[in-house]
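Here's a quick briefing to read alongside the model. Have the viewer open and follow along.

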Amino acid sequence: MNRDRVIVFFLWFVLWALGEFLIIGTNLFRYPVAAAEEATIVDSAFRFLTVLAVPVPAFVLSVLVYSVLRFRSSGPDQDGPPVHINRSWAVFWLAWTTGLTLFVMVFPGVTGVLEIRHHASKPVDLLVQAQGIRYAWVLTYPELGGFSTQELVVPVGKHVRFEVTANDVLHSFWIPAFRIKIDAVPGMTTTVSATPTLTGSFAEDPQFRLQCAELCGLDHNKMRLPVRVVSEPDFAAWVAAQPTRPARTP
Amino acid sequence: MSTLAAFRWIGRGLLFALIGLAVGAAVALALTGLTGRPPAEPVIALGYTGALLGWLLGVGLWDVWAREWLGLSTRSLGAEGWQRYFRFNTDHKVVGVQYLVTFVVILLLAGLLAVLLRIELMSPGQELLQPRDFNTTMSLHGIMMVAVAVATIIGGFANFALPLLIGAEDVAFPRVNAFSYWIIPPVAVLLLLTPFFGGFDTGWTGYPPLSVGPVPQGTLLFLLAFLTFGLSSILGGMNFLVTIAKLRAPGMTWGRLPIFVWSVFAAAIISLTATQFVAAGLLMVILDRVVGTAFFDAARGGDALLFEHVFWFYSHPAVYIMILPAFGIELEILSHFSRKPLFGYKLVVGSFFAIVALSFLVWAHHLYTSGMQDFLHIPFMITTELISIPTGVVFLAALGTIWRGRLWLTTPMLFVLAVVFNFLIGGLTGIFLADVPTDIHLQDTYFVVAHFHYTIVGGEVFAIFAGIYYWFPKITGRMYNENLGKLHFWWMFLLYNATFLPMFWTGVWGMNRRVADYTPNLATLNQVISILSFGLAASFLVFVYNMVVSWARGAAAAASPWRARTLEWQTSSPPPLENFPAPPQVVGYPYDYGTPGAVHAIVPVAGGSADAGTKETSHG
C-alpha cells in the first residue's frame, strides 16, 4: 500500500535534484548580458524564482507519470476506491501553496520593487530625454547642450535617468541589456533609470539596444536604436564631438 | 432541391442584410452631409448596424421571435435533419453543435494564420509578408483565437451538454441562445473583410491612440466585430446563470451539480459582468473614430492610459472565462476515466469562486510598465499571486482523483492529463510575470507569448479537444476512431510542447512580441520553432480526418460508451428533442464510483425506468 507513496516521493526528489542541477549546474538557464545594476536585480529575482519553483513541477510530474504507469486499466469495469477527500492532504496542500505564495510575494516581489525604487531614488548623474515618434526615438541630452542623437550613448557607472514621452501613439522604451522598460504615453512623461555597469555596444551584443516594445503600427519592429556604454573619458569625448544646438534667439 | 431549400433562411438573411446596409449607409450619408464630417467611417458603422439587424431578422429572428412583438403568432423554421443546423434553431443541442463546428473552423483558420507568421519568422528580416500584412495576420490570429477560447466551451459544450447534465429540457432562454449564435457569423465576416479595408495593425488589444487613427478602416471593422462578439458573450453568460439557477431537475441540488456545471456557472458570472466593461471601452474607441469624441486623445483632454485599465478589467477576468470551464472538463473527465470520485469537490467549487472574485482584482498586472502610478505595483502583484492558491486546489483535485484510480487511457483522458502538465508550466511561468522585477524585463516579450499559449492552448484548447472526443459519441451518435485519436494526441502533445517551450528562451533573450524582424542572435532558435510549428499544424489533419470520417461512417455509439455516471449518458446518443421523456429524478452525487448501489438519478425511459450509475461494478 505505502509502496506507491514511497516511490512517488523518491521520484520527486530525483526530479527535483535533476531540475536544480539543470538550473545551477548547466548553461541551459543562462541570461543575456546584464549591463546595469537594475539588470542584476531582475536576474537574481528570476533565478531565485526558478530555483524555488522546481519542486512544484517535480512533484506534479511524479504523481502524474507514476499514476499513469501504475494505475492504468483497460476499461470501465473496475472502480477505484471511493475516496472523496483526504483532509490532512488537503490541509497540507493548502498550507504549502499558501506559504510559498506569501513567500514569493515578499521575496523577491516586494523586496525587489523596493530595491528598484531605492536605485531610482539615488542622485541622478545624467538626464536623457527620449521621445517616441513612429518609427524612431529622438534622444536629447538637455543638460549637455541639448543636442539630439540617433544612438544612445551613456557613461559606465553613472546613474542615468530617462524621461520618456510620445506624441502620437503608445511606445515602450526597452533596453534588454539593462532590463528596464517603461511605456511612452502621449500626454504624460514617464521615467525609468539605470546605472550601467559594463561597457558594450550593439555591434558587439544585440542586447545593447533601445527597442520599442509596445505595438505602434506598421514599422514597429524597425523602431530600435543602438545603445553604447562607454568609459567616462570616452563619453566626455563623444559629448564634445556633438554639434551644439543652435542658440535660440528669444 | 431540398439542399438548396436548406439555405433559404441564410439567403434571406443575406438579402435583408444588404437592405439594412443600404438603409444604414443612407442615414450615415445624410447625417455627415448635414454635419460636414468625412462620411467613410459613419457609413461603415451605421451600415454595419443596419446589416446586422437585417441579417438577424432575415435569418429567422422575425419568424421565431419578432412577430410576437407585433402581436403576430411565431413559427418554427423546422427542426429536422441536417438542415436544422443552418437555421435559427432554439434547440440547445443544435446551437451547441453550431457553435462547436463554427469555432473549430475558426480555430483551424487562425492556426493557418499562425503558420504564415512562423514562415515569416523563420529568419530575421522581413521577407514574406509586407509590414501591413504581417500586422494584420498577427492581429487576426490573436482576435480569432481569443474568440475561439471564449466561445468554444461555453457556446459549444455548455450549450450541448449542460442542460443534459442538469436534467433540463433546454436552456432558460432558447431564443436568446439562438440569437447569441447567429450574431457570430457577422463577426467572422467583418474580421475576414479587414484585409480588404487596409487591414488592422493594433493587435487584438486595440489600444488607442493607435486604434483611433489615423489608421486603416480595417481597424473599425475589427472594433465593431469585437463589440458584437462581446454582446454574444454577455447574453450567453446570462442564459447559463439562469439555466443553472432555475432549470435543474428535481433533486439536482447545488451539492450534486457536476463540476463542469459549476465551472460554467463561475465563468458565466464573469462573462455577464466583465464583458460589459470592454464593450464600453470599445464603444468609446469607436466614438472617438466615428463621431470625433476624445476619450483617449491626450491633446484634447483625453487619457490614453484609461483604455488599458478598462480593457484589462475585462480581459484579465476573460482568461478565466476561458480556463474555468476547461478546469471543469478536466476534472469531469479525470473522475469518470479514473473511476473514482472527484477529490475535494467542495474545495474545488470554493476555489472556482475564489478565482472569480480575485480575477476582478488583478488587471493592472498587465500595466506594470505602462506608466501607471508606482504605488499600484505591489497591491496588484499581491492579488495576482494570490490566485495561485485556488488554482493549486485544482491541481490537488486532479492528482487526488487519479491517485489509485483505475485510469482508462482513452483519447479524452490523455488530453486532460496533458492539461494538467501544460497548465502547470503555464501557471508557474505566470509567477514570473506577476512578479514586478522580472515582469519589467519580460513584459511584451515572447516569454509572455509562451506563457499565455501554455495556459490557453496547453490548458484550454487541450481541454476543448478532450471535450470533443468525450462528447463526440453523444453529439453524433457515432464513435470516433480511437487509434487516430491517440495518434492526434501524441502528435499534438509532443510538437506543441516542442514548439512553445523554446519561446520562453527567446523572450528572455530579448525577442519582443508582434514583430516580423528580430536580432540575428535569435535566428537559430526561431528557425527551430518555425519548423516544429509546421509539424504541430499538420497534426490537425489527423483530427479533421477522424472527425469527418467518423461522423459520416463511424460505428454507432451506445447511450453510455464510457459508462460515466452523469445524466447526459443516461439518454440516447444523440439525445431526442427535449432530452428526456420526463424529468429525471436526481437522488445522489454524480461521482460515487466505487460505492456499490450508489445512484445518481432515476431516468425515465420509454416504457420503464432506469437507474443511472447503478451498473454493478467490482471494486478491486
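**Overall size and make-up of chain B**

Chain B has a radius of gyration of 24 Å, which agrees with the value near 25 Å that a compact globule would have with 620 residues. That radius is taken over C-alpha atoms, and the globule rule is 2.2 Å times the number of residues to the power 0.38. Bear in mind that this is a predicted model: local features need pLDDT of at least 70, side-chain atom pairs count only at pLDDT 80 or more, and totals for chains, interfaces and linings use all residues. As for labels, residues are numbered from 1 along each chain as its sequence is written, while chains are lettered from A and ligands numbered from 1 in the order in which they are written.

- Along the principal axes, the C-alpha atoms of chain B fill a box of roughly 75 × 65 × 45 Å.
- Chain B has 19 helices and five strands; these are DSSP runs numbered from the N terminus, with helices being H or I of at least four residues and strands being E of at least two.
- Of the 620 residues in chain B, 61% count as buried, that is, 20 or more other C-beta atoms, placed from the backbone, lie within 10 Å of the residue's own.
- Take the contacts in chain B between residues at least 6 apart in sequence: 78% of them join residues at least 24 apart. A contact here is two residues whose C-beta atoms, placed from the backbone, lie within 7 Å.

- The predictor gives the complex an ipTM of 0.97 and a pTM of 0.97.
- Chain B has a mean pLDDT of 95, and 97% of its residues reach 70 or more; pLDDT is the predictor's confidence in each residue, from 0 to 100.
- Over residues 614-620 of chain B, pLDDT stays under 50, and the model has eleven contacts beyond four places in sequence for them.

**Where the chains meet**

- The contact between the chains takes 82 residues from chain B and 72 residues from chain A.
- On the side of chain B that touches chain A, helix 14 (residues 388-402) of chain B brings the largest share, eight residues.
- That side of chain B divides into 42 nonpolar, 26 polar and 14 charged residues. For the classes, Ala, Val, Leu, Ile, Met, Phe, Trp, Tyr, Cys and Pro count as nonpolar, Asp, Glu, Lys and Arg as charged, and the others, Gly among them, as polar.
- Strand 1 (residues 72-73) of chain A and strand 1 (residues 407-408) of chain B run parallel, joined by two bridges; strands pair if DSSP finds at least two bridges between them.
- Ser73(A) has Trp408(B) as its bridge partner there.

**Strand pairing around strand 13 of chain A**

- Strand 6 (residues 152-155) of chain A pairs in the parallel sense with strand 13 (residues 224-230) of chain A over four bridges, and Val153(A) is partnered by Arg228(A).
- Strand 11 (residues 200-201) of chain A pairs with strand 13 of chain A in the antiparallel sense over two bridges; look for Gly200(A) opposite Val229(A).
- Strand 12 (residues 209-212) of chain A is also antiparallel to strand 13 of chain A, over three bridges, with Gln211(A) partnered by Arg224(A).

**Strand pairing around strand 3 of chain A**

- Strand 3 (residues 126-133) of chain A pairs with strand 7 (residues 160-166) of chain A in the parallel sense over seven bridges, and Leu126(A) has Val160(A) as its bridge partner.
- A hairpin through two residues joins strand 3 of chain A to strand 4 of chain A. Strand 4 (residues 136-141) pairs with strand 3 in the antiparallel sense over five bridges, with Thr140(A) as the partner of Gln129(A).

Key
Buried ≥ 20, exposed ≤ 12 C-beta atoms within 10 Å, placed from the backbone.
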